[in-house]
Amino acid sequence: PYPDGEHAIHPDGVSLFFTSRRPGGMGADDIWVSRWSGTAWPDPVNLGSPVNSTGNDLQPAFTAEGDTLYFTSDRDPALGLCIYRSVRGGDGWSEAEPVIRGIVGEPSLTADGRYLYFVHVLTDVAGRFDADIWVSVRRP
């Protein structure tokens, strides 16, 4: 009954992260998680702060180890739509930090985590737009 989508299976193989505007969120779109019980997908849990904000937080993607989450957000109006990174530690997810700025989104990582592919939307002075796929390479 909710507009759920933009999903990512966590590398643990049992956690489904996705975007939703379902009740109980922090803002517009939020990132939620449901963990396979072995027989069903239980009700999802909102990741809360610091991953989610009052803005749109969507399009989750993970490193192969599963300890780093990349996602798209418009939480800071001065930055616009950016790709953010949050790292999971002992107490939960770290404060989200912008890693790619501009009108960008749809982060996707290669299995080794070295290449981050994303969509970059470009506009001209007349307001026409196009989107290209870009790649960012992690330094060794």
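This tour moves through the structure selection by selection, stating what is found at each stop.

The model is predicted: local features require pLDDT of at least 70, side-chain atom pairs count only at pLDDT 80 or more, and totals for chains, interfaces and linings use all residues. Residues are numbered from 1 along each chain as its sequence is written, and side-chain values use heavy atoms, with hydrogens and water left out.

**The four-stranded sheet**

Begin by selecting the open sheet of four strands, ordered β1-β2-β3-β4 with antiparallel pairing. Strands here are DSSP runs of E of at least two residues, numbered from the N terminus, and two strands pair if DSSP finds at least two bridges between them. β1 (5–9) and β4 (45–46) stand at the edges with a single partner strand each, so one side of each has no neighbour in the sheet.

Next, select β2 (residues 15–20) and β3 (residues 30–35), which run antiparallel and are joined by six bridges. Phe 17 has Val 33 of β3 as its bridge partner, and Ser 20 stands opposite Asp 30 in β3.

**The nonpolar cores**

A nonpolar core is a set of buried Ala, Val, Leu, Ile, Met, Phe, Trp, Tyr and Cys residues joined through side-chain atoms within 4.5 Å. Select Leu 47, Val 51, Leu 69 and Phe 71, which have the most contacts inside the largest such core, a set of 13 residues. β3, β6 and β7 (82–89) are the elements giving two or more residues to this core. A second, separate core of seven residues includes Tyr 70, Ile 83, Ile 100 and Val 104.

Centre the view on Phe 71. Neighbours within four places in sequence aside, its contacts (heavy atoms within 4.5 Å) include Ile 31, Val 51, Leu 58, Tyr 84 and Pro 107.

**A buried loop residue**

Move to Thr 63, in the loop between β5 (57–62) and β6 (68–73). Is Thr 63 buried or exposed? Thr 63 is buried, with a relative accessible area of 4%. Beyond residues up to four places away in sequence, Thr 63 touches Pro 11, Thr 68, Tyr 70 and Leu 109.

**The β10–β11 hairpin**

Select β10 (residues 104–109) and β11, antiparallel strands joined by four bridges. Ser 108 stands opposite Tyr 117 in β11. Five residues separate the strands of this hairpin, and Gly 113 in the turn has a positive phi of about 75°.

**The largest pocket**

Finally, select Tyr 70, Arg 85, Leu 116, Ser 136 and Arg 138, which lie nearest the centre of the largest pocket among its 13 lining residues. β9 (97–100), β11 (115–123) and β12 (129–137) are the elements that give two or more residues to the lining. On a 1 Å grid over the protein atoms alone, a pocket is an open set of points where a 1.4 Å probe fits, with protein on both sides within 12 Å along at least five of seven lines; lining residues have an atom within 4 Å of a point.

Note on methods: Buried < 20%, exposed > 50% of the residue type's maximum accessible area, 1.4 Å probe, protein only.
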